Amino acid sequence: MSIRQKKIESVLQKELSQIFRENAREFCLGAMVSVTAINVAPDLSFAKAYLSVFGAKDNDEAFKAVDSHKGEIRFQLGKRLGKSMRRIPELAFEIDDSLDYAEEIDRLLKD
């Protein structure tokens with residue numbers, strides 16, 4: 001992975017986190033969404049963001065709401081990064097279940 005990819009991943013993670021924080025009611029059904037990691041394709045045309053959802057009545061519903069607003073989120077990124085990036089990557093969202101996995105391992109070790 002190139003240094004440029006790492007820098008772009010960092011910038012995208014920061015900006016996406018800010019967008020989710022500012023638009024939690026609209027995009028996330030009021031839930032808190034955390035961007036845990038981002039992977040950008042080598043040609044910078046595609047980015048996969050891993051999200052953790054907290055404080056929702058139904059985490060799957062909140063994730064579906066985020067996924068359905070993908071175009072609006074990309075538009076917001078374009079407005080924020082349009083001067084520094086020529087092309088805003090297509091976005092894909094995945095649920096990051098690493099916290100659930102860690103809790104399950106911890107529970108198994110305690111038993």
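Visitor: What do the buried residues of helix H3 pack against?

Guide: The buried residues of H3 pack against helix H1 (3–22), helix H2 (24–28), helix H4 (70–81) and the strands S1, S2 and S3, where contact means heavy atoms within 4.5 Å. Helices (H or I, at least four residues) and strands (E, at least two) are DSSP runs, numbered from the N terminus. This is a predicted model, in which local features need pLDDT of at least 70 and side-chain atom pairs count only at pLDDT 80 or more, while totals for chains, interfaces and linings use all residues. Residues are numbered from 1 along each chain as its sequence is written, and side-chain values use heavy atoms, with hydrogens and water left out.

Visitor: Which residues of H3 are buried, and what puts them on the same side of the helix?

Guide: Ala62, Phe63, Ala65 and Val66 are buried in H3, a word that means under 20% relative accessible area, with exposed meaning over 50% and partly exposed in between (1.4 Å probe, protein chains only). They cover an arc of only 155 degrees around the axis, and therefore lie on the same side of H3; the arc is that of the directions from the helix axis to the C-beta atoms. On the face turned away from this buried side are the exposed residues Lys64 and Ser68.

Visitor: Why is Leu44 called buried?

Guide: Leu44 has a relative accessible area of 15%, and so it counts as buried. Leu44 belongs to the loop between S1 and S2, and has a positive phi of about 65 degrees although it is not a glycine. Most residues other than glycine have a negative phi.

Visitor: Why are H1 and H4 called oblique to each other?

Guide: H1 and H4 pack at an angle of about 120 degrees, with their axes 10 Å apart; axes are lines fitted to C-alpha atoms, for helices over the stretch in contact, and angles run from 0 to 180 degrees between N-to-C directions. Angles under 35 degrees count as roughly parallel, over 145 as roughly antiparallel, 65 to 115 as roughly perpendicular and the rest as oblique, and H1 and H4 are therefore oblique.

Visitor: Why do strands S1 and S3 count as edges of the sheet?

Guide: The open sheet has three strands in the order S1-S2-S3, with mixed pairing, and two strands pair if DSSP finds at least two bridges between them. Strand S1 (32–40) and strand S3 (90–95) each have a single partner strand, so one side of each is left without a neighbour in the sheet.
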